[in-house]
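I open this notebook to record what I looked up, entry by entry, for someone meeting the structure here.

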Amino acid sequence: MMNDMVHYSRRRSGMIPEEIRDLLISYHGRVREIICCPDSMPLELEPSAGDGNLIIFDKRQGEDYAGMCTRALEAALRMAEAIAAGTVAPTRMGLFLGSLIEARLGSGMPKFGASFPVPNRLDK
(Lines give C-alpha, C1' and ligand atoms only; values in the text may rest on other atoms or scores of the structure.)
Protein backbone atom coordinates (compact mmCIF):
# COMPACT_ATOMS: atom_id res chain seq x y z
CA MET A 1 0.00 0.00 0.00
CA MET A 2 1.20 3.49 -0.76
CA ASN A 3 -0.48 6.57 0.62
CA ASP A 4 0.02 10.28 1.02
CA MET A 5 -1.83 13.24 2.48
CA VAL A 6 -4.07 15.19 0.11
CA HIS A 7 -2.92 18.79 -0.46
CA TYR A 8 0.12 18.41 1.79
CA SER A 9 1.97 21.20 0.00
CA ARG A 10 -0.94 23.58 0.50
CA ARG A 11 -1.36 22.55 4.17
CA ARG A 12 2.26 23.24 5.04
CA SER A 13 2.64 26.51 3.14
CA GLY A 14 3.09 29.27 5.65
CA MET A 15 4.01 26.87 8.46
CA ILE A 16 7.26 27.14 10.37
CA PRO A 17 9.45 24.02 10.51
CA GLU A 18 8.21 23.06 13.99
CA GLU A 19 4.60 23.14 12.80
CA ILE A 20 5.45 20.98 9.77
CA ARG A 21 7.25 18.53 12.06
CA ASP A 22 4.27 18.36 14.42
CA LEU A 23 1.84 17.92 11.51
CA LEU A 24 3.84 15.02 10.08
CA ILE A 25 4.47 13.33 13.43
CA SER A 26 0.75 13.49 14.21
CA TYR A 27 -0.24 12.26 10.72
CA HIS A 28 2.22 9.37 10.62
CA GLY A 29 1.36 8.37 14.19
CA ARG A 30 -2.34 8.25 13.35
CA VAL A 31 -1.72 6.25 10.16
CA ARG A 32 0.37 3.77 12.19
CA GLU A 33 -2.44 3.41 14.78
CA ILE A 34 -4.95 2.65 12.02
CA ILE A 35 -2.80 0.32 9.91
CA CYS A 36 -0.82 -1.58 12.55
CA CYS A 37 -3.47 -3.61 14.35
CA PRO A 38 -2.93 -7.30 15.18
CA ASP A 39 -5.32 -8.59 12.49
CA SER A 40 -3.59 -6.86 9.58
CA MET A 41 -0.12 -6.15 10.98
CA PRO A 42 2.05 -5.26 8.00
CA LEU A 43 5.65 -6.36 7.71
CA GLU A 44 6.81 -2.77 7.37
CA LEU A 45 5.40 0.75 7.54
CA GLU A 46 7.94 3.22 6.25
CA PRO A 47 7.23 6.96 6.15
CA SER A 48 8.68 8.46 2.97
CA ALA A 49 8.78 11.76 1.15
CA GLY A 50 7.41 13.71 4.09
CA ASP A 51 3.70 12.93 3.95
CA GLY A 52 3.88 9.54 2.21
CA ASN A 53 3.96 5.99 3.51
CA LEU A 54 5.06 2.72 2.01
CA ILE A 55 3.28 -0.11 3.80
CA ILE A 56 4.40 -3.63 2.97
CA PHE A 57 2.21 -6.63 3.76
CA ASP A 58 4.12 -9.89 3.43
CA LYS A 59 2.57 -13.34 3.37
CA ARG A 60 2.35 -14.90 6.80
CA GLN A 61 3.30 -18.53 7.24
CA GLY A 62 0.52 -20.69 5.76
CA GLU A 63 -1.19 -17.68 4.18
CA ASP A 64 -1.90 -17.38 0.47
CA TYR A 65 -1.91 -14.20 -1.63
CA ALA A 66 -5.66 -13.79 -1.07
CA GLY A 67 -5.12 -13.63 2.70
CA MET A 68 -2.32 -11.11 2.34
CA CYS A 69 -4.39 -8.96 0.00
CA THR A 70 -7.39 -9.17 2.34
CA ARG A 71 -5.28 -7.79 5.21
CA ALA A 72 -4.09 -4.90 3.03
CA LEU A 73 -7.63 -4.15 1.83
CA GLU A 74 -8.97 -4.22 5.39
CA ALA A 75 -6.26 -1.73 6.42
CA ALA A 76 -7.21 0.53 3.50
CA LEU A 77 -10.87 0.35 4.51
CA ARG A 78 -9.98 1.34 8.09
CA MET A 79 -8.07 4.30 6.67
CA ALA A 80 -11.08 5.27 4.53
CA GLU A 81 -13.35 5.10 7.59
CA ALA A 82 -10.94 7.29 9.60
CA ILE A 83 -10.78 9.81 6.74
CA ALA A 84 -14.59 9.89 6.52
CA ALA A 85 -14.81 10.36 10.31
CA GLY A 86 -12.25 13.19 10.17
CA THR A 87 -9.80 11.46 12.51
CA VAL A 88 -7.03 11.43 9.93
CA ALA A 89 -6.27 13.96 7.20
CA PRO A 90 -7.64 13.16 3.73
CA THR A 91 -5.27 10.64 2.20
CA ARG A 92 -4.77 9.09 -1.24
CA MET A 93 -4.13 5.34 -1.22
CA GLY A 94 -3.12 2.69 -3.69
CA LEU A 95 -2.80 -1.07 -3.30
CA PHE A 96 -0.25 -2.85 -5.44
CA LEU A 97 0.74 -6.52 -5.75
CA GLY A 98 4.19 -7.57 -6.84
CA SER A 99 7.70 -8.47 -5.77
CA LEU A 100 10.14 -5.99 -4.26
CA ILE A 101 13.89 -5.81 -4.14
CA GLU A 102 16.15 -3.47 -2.17
CA ALA A 103 19.46 -1.92 -3.15
CA ARG A 104 21.85 0.40 -1.37
CA LEU A 105 21.60 3.96 -2.68
CA GLY A 106 23.70 6.41 -0.69
CA SER A 107 22.93 5.74 2.96
CA GLY A 108 19.49 4.30 2.27
CA MET A 109 17.99 1.04 1.06
CA PRO A 110 15.19 2.02 -1.34
CA LYS A 111 12.74 -0.56 -2.62
CA PHE A 112 12.10 -1.26 -6.28
CA GLY A 113 9.31 -3.18 -7.92
CA ALA A 114 7.41 -3.33 -11.19
CA SER A 115 4.18 -2.58 -9.35
CA PHE A 116 5.45 0.75 -7.94
CA PRO A 117 4.07 3.62 -9.97
CA VAL A 118 5.92 6.88 -10.02
CA PRO A 119 3.25 9.34 -8.95
CA ASN A 120 3.06 12.42 -11.08
CA ARG A 121 0.67 14.74 -9.36
CA LEU A 122 0.13 18.35 -8.53
CA ASP A 123 -1.64 19.53 -5.40
CA LYS A 124 -4.12 22.14 -6.54
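I call a residue buried when its relative accessible area is under 20%, exposed when the value is over 50%, and partly exposed in between, using a 1.4 Å probe and protein chains only. I note that this is a predicted model, in which local features need pLDDT of at least 70 and side-chain atom pairs count only at pLDDT 80 or more, while totals for chains, interfaces and linings use all residues. Residues are numbered from 1 along each chain as its sequence is written, and side-chain values use heavy atoms, with hydrogens and water left out.

**Entry: salt bridges.** I took a salt bridge to be a side-chain nitrogen of Lys or Arg within 4 Å of a carboxyl oxygen of Asp or Glu, and by this rule I counted four. Side chains of opposite charge can pair when their charged atoms come close.

I looked up aspartate 22 and found it in a salt bridge with arginine 21, with the closest N and O atoms 3.0 Å apart. Aspartate 22 is partly exposed at 41% relative accessible area, and arginine 21 is partly exposed at 45%.

I then turned to arginine 71, whose side chain meets that of glutamate 63 in a salt bridge at 2.8 Å, N to O. Here arginine 71 is buried at 4% relative accessibility, and glutamate 63 is buried at 18%.

Which side chain meets that of aspartate 4 in a salt bridge? I found that of arginine 92, at 3.1 Å from N to O. Aspartate 4 belongs to strand β1 and arginine 92 to strand β4 (residues 91-94), so this pair ties together parts that are 88 residues apart in sequence. Strands are DSSP runs of E with at least two residues, helices are runs of H or I with at least four, and both are numbered from the N terminus. Aspartate 4 is buried at 6%, whereas arginine 92 is partly exposed at 30%.

**Entry: a nonpolar patch.** I found that Leu73, Leu77 and Leu95 make a nonpolar surface patch of about 260 Å². Of these, I looked up leucine 77, which sits in helix α3 (residues 65-85) and is partly exposed at 47%.

For patches I used residues with over 30% relative accessible area and no salt bridge, joining like charges within 9 Å and nonpolar side chains (Val, Leu, Ile, Met, Phe, Trp, Tyr) within 5 Å; accessible areas come from the Shrake-Rupley method with a 1.4 Å probe, and for residues only the protein chains shown count as cover.

**Entry: a backbone angle.** Most residues other than glycine have a negative phi. I noted that histidine 7, although not a glycine, has a positive phi of about 60 degrees. Histidine 7 lies in the loop between β1 (2-5) and α1 (8-12), and is partly exposed at 28% relative accessibility.
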